[in-house]
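Dear colleague,

Please find below the structure that I am handing over to you. My notes on it follow directly after.

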Amino acid sequence: MSISWRLRAREALTMYRERRLTPPFRIVRGSISESSIPASSIGLAVSVSTIEHGVDVDRFLADSFRILKPGAMLFVTTDYWGERIEVPDSVRAFGMPWRIFDRDQINRLLDSAARVGFEPQNNSIPECSGAPVVWQGFTYTFIALLLRKPPAVTSQYNGGS
């Protein structure tokens with residue numbers, strides 16, 4: 001039996017409110033693009049099953065890069081299937097748009113991440129070997145991506161002659 005993500009999120013919020021989840025952990029609800037998170041202030045950002053719901057992926061990547069400290073990681077999961085699965089606009093998840101990323105879209109996401117400055121920590125996109133998720137008549141799986149903001153580069157130049 002699996003626990004729904006809503007129940008897990010509710011438990012995490014309860015733990016936070018009851019001070020059982022203490023800093024340096026922080027749960028931020030809302031859009032990263034509209035947050036007041038300072039630049040280069042976060043050591044790890046996690047996005048679980050969000051980018052498939054109408055998120056502007058390029059903006060998400062740029063905003064994530066901005067808030068991460070040098071050397072920090074961004075962990076992203078999303079709905080995935082190797083070949084394209086057309087999801088009609090009428091199919092919504094919790095009132096939000098929904099798509100299942102395919103191999104080409106993941107490759108474009110990784111290209112966008114590299115343009116922003118991220119270093120993908122995955123060397124290849126795995127083949128789909130099973131579809132453990134069945135929802136709204138669609139069968140698919142998930143993919144997890146790990147992106148690293150490069151550490152700060154220090155100059156080798158010391159100003160001497």
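The buried residues of α3 are Q105, I106, L109, L110, S112 and A113, where buried means under 20% relative accessible area with a 1.4 Å probe, protein chains only. Viewed down the axis of α3, these residues fall within an arc of 160° (taken from the directions from the helix axis to the C-beta atoms), so they line one face of the helix. Among the elements that cover them are α2, β2, β3 (119-120) and β5. Helices (H or I, at least four residues) and strands (E, at least two) are DSSP runs, numbered from the N terminus.

This is a predicted model, in which local features need pLDDT of at least 70 and side-chain atom pairs count only at pLDDT 80 or more, while totals for chains, interfaces and linings use all residues. Residues are numbered from 1 along each chain as its sequence is written, and side-chain values use heavy atoms, with hydrogens and water left out.

Not counting residues up to four places away in sequence, L109 touches I51, V57, L61, F101 and L145; contact means heavy atoms within 4.5 Å.

Just after α3, G117 takes a positive phi of about 130°.

In helix α2 (residues 57-67) lies D63, which counts as buried because its relative accessibility is 14%. Leaving aside neighbours within four places in sequence, D63 is in contact with I32 and S33. The C-alpha atoms of D63 and V116 are separated by 9.6 Å, although the two residues are 53 residues apart along the chain.

With kind regards

Key: Buried < 20%, exposed > 50% of the residue type's maximum accessible area, 1.4 Å probe, protein only.
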